[in-house]
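Keep the picture open and look up each residue as it comes along.

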Amino acid sequence: MFKRIATALAALFIATSLAGCGYNSMQQQEEEVYGAWANMESALQRRADLIPNLVETVKGAASHEKSTLTAVVEARAKATQTKLTPEMLTDKNALANFQAAQGALSSALSRLMVVVERYPDLKANQNFLALQHQLEGTENRINVARQRYNEAVKAFNYSIRKFPNSLTNSLLLHLERKEFFEADPAAKTAPKVNFGSES
């Protein structure tokens, strides 16, 4: 009887100690980072899924904009081929490559939308308008997902650095800081299109 009580008290003491030193909270925050990353991947995939229909719709009304359409298709292919697993979120170079591929796709799509301005019939096309609306909504989802991911990373990185979590992490968990997902600097610059010479 005494042995059982002692074992129960020891288990309670260990559980309380681990909870107080951040053992559980750090792992929970890491899972929140992974969850936020999964949501962003989902939003990026949704954008990639919209592009084939968008390209086909534009091609129907502006088939001679071949170079712009090809750039979008190639950028989509590269973006979907550049994978980043949750375990790679600690790899700064891997995340930079992923961001570059997604940024190139954003830029190609942006240029396509500027080119579309030349075609009033296409702009009035209901199928195109529906795709454009979905694409705009998806870009907003990506921005929100990126913000939430970065907030989760910030909370996690701080958690593994503060005391006594840092001691627990160095002795037991060995969790590594995660990298932030930065917005593509090129996305802040409006694309330049030469309406006089491009064909």
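Ser159 touches Met26, Gln29 and Asn165, leaving aside residues up to four places away in sequence; contact here means heavy atoms within 4.5 Å. This is a predicted model, in which local features need pLDDT of at least 70 and side-chain atom pairs count only at pLDDT 80 or more, while totals for chains, interfaces and linings use all residues. Residues are numbered from 1 along each chain as its sequence is written, and side-chain values use heavy atoms, with hydrogens and water left out.

**Around Ser159**

- Ser159 is found in helix H6; helices (H or I, at least four residues) and strands (E, at least two) are DSSP runs, numbered from the N terminus.
- Is Ser159 buried or exposed? With a relative accessibility of 3%, Ser159 counts as buried; the word buried means under 20% relative accessible area, exposed means over 50%, and partly exposed is in between (1.4 Å probe, protein chains only).
- Ser159 and Arg177 are 18 residues apart in sequence, and their C-alpha atoms are 9.6 Å apart in space.

**Helix H2**

- H2 has 39 residues and reaches 59 Å from its first C-alpha to its last, close to the expected 57 Å; that expected span is 1.5 Å times one less than the number of residues.
- Where does H2 have a kink? A kink of about 30° lies at Ile51, shortly before the proline Pro52; the bend at a residue is the angle between axes fitted to the seven residues ending there and the seven starting there.

**Aromatic pairs**

- A pair of aromatic rings is described by the distance of the centres and the angle of the planes.
- Searching the whole structure gives four aromatic pairs; rings of Phe, Tyr and Trp (its six-membered ring) pair if their centres lie within 6.5 Å, and planes under 30 degrees apart count as stacked, over 60 as edge-to-face and the rest as tilted.
- One of these is the pair of Trp37 and Phe181, which is tilted because the ring centres are 6.1 Å apart and the planes stand at 45°.
- Trp37 lies in helix H2 (residues 23-61) and Phe181 in the segment after helix H7 (165-173), so this pair ties together parts that are 144 residues apart in sequence.
- Trp37 is buried at 0% relative accessibility, and Phe181 is buried too, with a relative accessible area of 5%.
- Phe181 also pairs with Phe98, this time edge-to-face, at 6.2 Å centre to centre and 75° between the planes.
- That pair links distant parts of the chain, with Phe98 in helix H4 (residues 92-116) and Phe181 in the segment after H7, 83 residues apart.
- Both Phe98 and Phe181 are buried.
- Which residues form one aromatic cluster? The members are Trp37, Phe98, Tyr149 and Phe181.

**Salt bridges**

- Side chains of opposite charge can pair when their charged atoms come close.
- How many salt bridges does the structure hold? There are six, where a salt bridge is a side-chain nitrogen of Lys or Arg within 4 Å of a carboxyl oxygen of Asp or Glu.
- Arg47 and Glu139 form one of them, at 3.1 Å from N to O.
- This bridge links distant parts of the chain, since Arg47 is in helix H2 and Glu139 in helix H6 (residues 126-161), 92 residues apart.
- Arg47 is buried at 2% relative accessible area, whereas Glu139 is partly exposed at 24%.
- Lys59 bridges to Glu56, with the closest N and O atoms 3.4 Å apart.
- Because Lys59 and Glu56 are three residues apart in helix H2, about one helical turn separates them.
- Lys59 is partly exposed at 38%, as is Glu56 at 47%.
- Glu65 and Arg118 meet in a salt bridge of 2.8 Å, N to O.
- Glu65 lies in the loop between H2 and helix H3 (66-81) and Arg118 in the loop between H4 and helix H5 (120-123), so the pair ties together parts 53 residues apart in sequence.
- Glu65 is buried at 0%, while Arg118 is partly exposed at 22%.

**Backbone details**

- The peptide bond from Phe163 to Pro164 is cis, with omega near 5°, and Pro164 sits in the loop between H6 and H7.
- His174 has a positive phi, near 60°, in a residue other than glycine.
- His174 is placed in the segment after H7 and is exposed, with a relative accessible area of 52%.
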